[in-house]
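Please keep the sequence and the structure in view while reading.

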Amino acid sequence: MSDSKDDKGERISEAEHAIMEVIWDRHPVSATDVCDQVCEARGWSMPTVKTLLSRLVGKGALATEPDGRRFLYTPLIERADYVGGESRRLVDRLFGGRAAPLFAHLAESEALTDEDLGEIERLLKEMRK
């Protein structure tokens, strides 16, 4: 799998991300498998799913493999790489590249639960070791 989801400089849209979540969770999968997971909840049809899969293949995010009369889709990017890149872009764009203002904003807006704060504290302790 590649190191970065935007080797071609193309971002993954929110709709494409929903498709990627299904494929990251269980792959290889067919378009029908993907549709079974997302179509009803999102009000999508099979042609919508196939369009999104095609876009993701074009962006280099998915590989295809023929399987009889259908194709199976496998991710070419790791979920962790995607999340890391998107997180970095968010911090860069909204918080000047610094994570502390992001946490301050989340704390001030009461978006962090006690559980979140405990987890952050544990992570910070581990990082300082």
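## The disulfide

A disulfide is a pair of cysteine sulfur atoms within 2.5 Å. By this rule the count comes to one disulfide, formed by C35 and C39, whose sulfur atoms are 2.1 Å apart. The torsion about the S-S bond of C35 and C39 is about -115°, so the disulfide is left-handed.

C35 and C39 both belong to helix α2 (residues 31-42), where, being four residues apart, they are separated by about one helical turn; helices here are DSSP runs of H or I with at least four residues, numbered from the N terminus. C35 is buried, with a relative accessible area of 14%, and C39 is buried at 6%, where buried means under 20% relative accessible area, computed with a 1.4 Å probe on protein chains only.

## The aromatic pair

Rings of Phe, Tyr and Trp (its six-membered ring) pair if their centres lie within 6.5 Å, and planes under 30 degrees apart count as stacked, over 60 as edge-to-face and the rest as tilted. This rule gives one aromatic pair: the ring centres of W24 and Y82 are 5.6 Å apart and their planes stand at 45°, so the pair is tilted.

The pair links distant parts of the chain, with W24 in helix α1 (residues 14-25) and Y82 in helix α4 (residues 79-95), 58 residues apart. W24 and Y82 are both buried.

## Basis of the values

This is a predicted model, in which local features need pLDDT of at least 70 and side-chain atom pairs count only at pLDDT 80 or more, while totals for chains, interfaces and linings use all residues. Residues are numbered from 1 along each chain as its sequence is written, and side-chain values use heavy atoms, with hydrogens and water left out.

Note on methods:
Helices (H or I, at least four residues) and strands (E, at least two) are DSSP runs, numbered from the N terminus. Buried means under 20% relative accessible area, exposed over 50%, partly exposed in between (1.4 Å probe, protein chains only).
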